[in-house]
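Hi,

Here is the structure I promised to pass on. Have a look through it first, and then read my notes on the salt bridges below.

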Amino acid sequence: DAKTTQPNSMESNEEEPVHLPCNHSTISGADYIYWYRQRPSQGPEYVIHGLTSNVNNRIASLTIAEDRKSSTLILHHATLRDAAVYYCILRDHSGTDGAAAVQYLPGGEREGI
C-alpha cells in the first residue's frame, strides 16, 4: 500500500523558489509520482509527474531521489498565483492512488486547511 507524506504548509517570499517535499518510502517500481494543485474554489489542476528521472515543465520541476523514496516539487519563481494546496500522489497503472497534501502560502500568510 503506497503512502505519501508531506509537511502541512510551506511559505516563501514572492519570486523566490519554493521546494515542496514528498516522502513515499513504500513506492513500488511501477508507481509514477504525480503532483496536482488545488486553488481556492477550484478543482485540482495537474502540475507534473515522473517515474525515475527529473522532469521540468513551464510550471515546475520535479526532482526524484535516486532510490525513489522521496521527491521535491520546485516552483522556481513562486508568486501569489501559486498559492494552493499541492498534492503528491503515487499512481500505478492499476489505478490505485496514495495521496498527501501540502498547502503553499506565499508571503508568510497562514490559514487552516
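**Notes on the salt bridges**

Let's start with Arg37, which counts as buried at 5% relative accessibility. Keep in mind that this is a predicted model.

How many salt bridges does the structure hold? There are 3, and here is how they go.

Arg37 meets Glu45 side chain to side chain in a salt bridge, at 3.0 Å from N to O. Glu45 is partly exposed, with a relative accessible area of 26%, while buried means under 20%.

Arg37 also forms a salt bridge with the side chain of Asp82, again at 3.0 Å, N to O. Where do these two sit along the chain? Arg37 belongs to strand 3 (residues 32-38), and Asp82 to the loop between strand 7 (70-75) and strand 8 (84-91), so this pair ties together parts that are 45 residues apart in sequence. Asp82 counts as buried too, at 13% relative accessibility.

Then there is Arg39, whose side chain meets that of Glu45 in a salt bridge (3.2 Å, N to O). Arg39 has a relative accessible area of 13%, so this residue is buried.

Cheers

Notes
Residues are numbered from 1 along each chain as its sequence is written. This is a predicted model: local features need pLDDT of at least 70, side-chain atom pairs count only at pLDDT 80 or more; totals for chains, interfaces and linings use all residues. Side-chain values use heavy atoms; hydrogens and water are left out. A salt bridge is a side-chain nitrogen of Lys or Arg within 4 Å of a carboxyl oxygen of Asp or Glu. Buried means under 20% relative accessible area, exposed over 50%, partly exposed in between (1.4 Å probe, protein chains only). Helices (H or I, at least four residues) and strands (E, at least two) are DSSP runs, numbered from the N terminus.
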